[in-house]
Amino acid sequence: MAIGLGKPDVRGLSAAAGALREWQQEGAPMQLHPGDLGWFWRFGAETTAAAVRTWSRDGRILAVGLIDGPGLLRMTIAPDARGDEGLARQVVADVGDAERDVLTPGKAYIEAPMDAVIQDVLAEEGWVEDEPWTQLRRDLAEPGRRRTAGADVGAGLRFEVVGPELAGVRAAVQRAAFDNSTFSEERWHVMAAGELYADARCLVAYDEQDQAVAAVTVWSAGPGKPGLLEPMGVHRDHRGRGYGTAITVAAADALRGLGASSAVVGTPTSNVGAVATYKAAGFTVMAEVRDMRRDA
């Protein structure tokens, strides 16, 4: 059967998210997660649908992609289809054809499973490895540790689960943690109204002076499956005090409460501070991976 490229409407997002949930497996490399779609939902359901692509055969979704910004396709493939060369070649052909409306011509990036044959096909077509990312994981079988390097993690911090009344605070911390962030209270409400937020939580950390100092959003893929931290940030005026580690531990505890078997997160390897923060929170490195890049 031929492999078809799909551009789901809002109703079709449920099927794409369902496939992503099904494909999350313990012990497997980190991949596109339903939480990635959930975080993108802050731009609205229609915009999210317009950014999603699927590849299917005989009615079954085999690959899901998210156009996560200009020139970037983040995608994953069903575990049992990662050795399917026909699928890989069709995806690469679709990506390379501007009329297929996946990526525009010029410089572009693809995040795809490192254990899939698509990596070889991309290399054949002239794509090259880009800068490395570090993937980290924390087993949630045991409660999050609250001490590191002899000091209490999060001593004096208060963690609040964000509801509508704290949406403005959550958004303000995001903007203070990430340069050029456009997250807003309105976008939090749009995200929280999306179907995927039913499996998510936002947390805000307050210090002893009742200042909001850090925030995180976590996404479950269902009981017994890996959950995702996306994103976590510390207010630029309150860095260097262990707050990132503390809220990461709290995030892991929140995912445990949602039934997740582990917590996973990815960060550029060059961001040594972020890697150290996650390690201090009990995460261990799973792998170092690289996107593939097309320069022209």
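Of the 296 residues in the protein chain, 52% are buried (under 20% relative accessible area, with a 1.4 Å probe and protein chains only). This is a predicted model, with local features needing pLDDT of at least 70 and side-chain atom pairs counting only at pLDDT 80 or more, while totals for chains, interfaces and linings use all residues. Residues are numbered from 1 along each chain as its sequence is written, and side-chain values use heavy atoms, leaving out hydrogens and water.

The secondary structure of the chain comes to nine helices and 14 strands (DSSP runs numbered from the N terminus: H or I of at least four residues for helices, E of at least two for strands). The radius of gyration, taken over C-alpha atoms, is 19 Å, close to the 19 Å from the globule rule (2.2 Å times the number of residues to the power 0.38), so the chain is as compact as a globular protein of 296 residues. Along the principal axes, the C-alpha atoms fill a box of roughly 60 × 35 × 35 Å.

In H8, Gly244, Thr245 and Thr248 meet Thr277, Tyr278 and Ala280 of H9, where contact means heavy atoms within 4.5 Å. The residues of this contact divide into two nonpolar, four polar and no charged (Ala, Val, Leu, Ile, Met, Phe, Trp, Tyr, Cys and Pro count as nonpolar; Asp, Glu, Lys and Arg as charged; the others, Gly among them, as polar).

Notes. Buried < 20%, exposed > 50% of the residue type's maximum accessible area, 1.4 Å probe, protein only.
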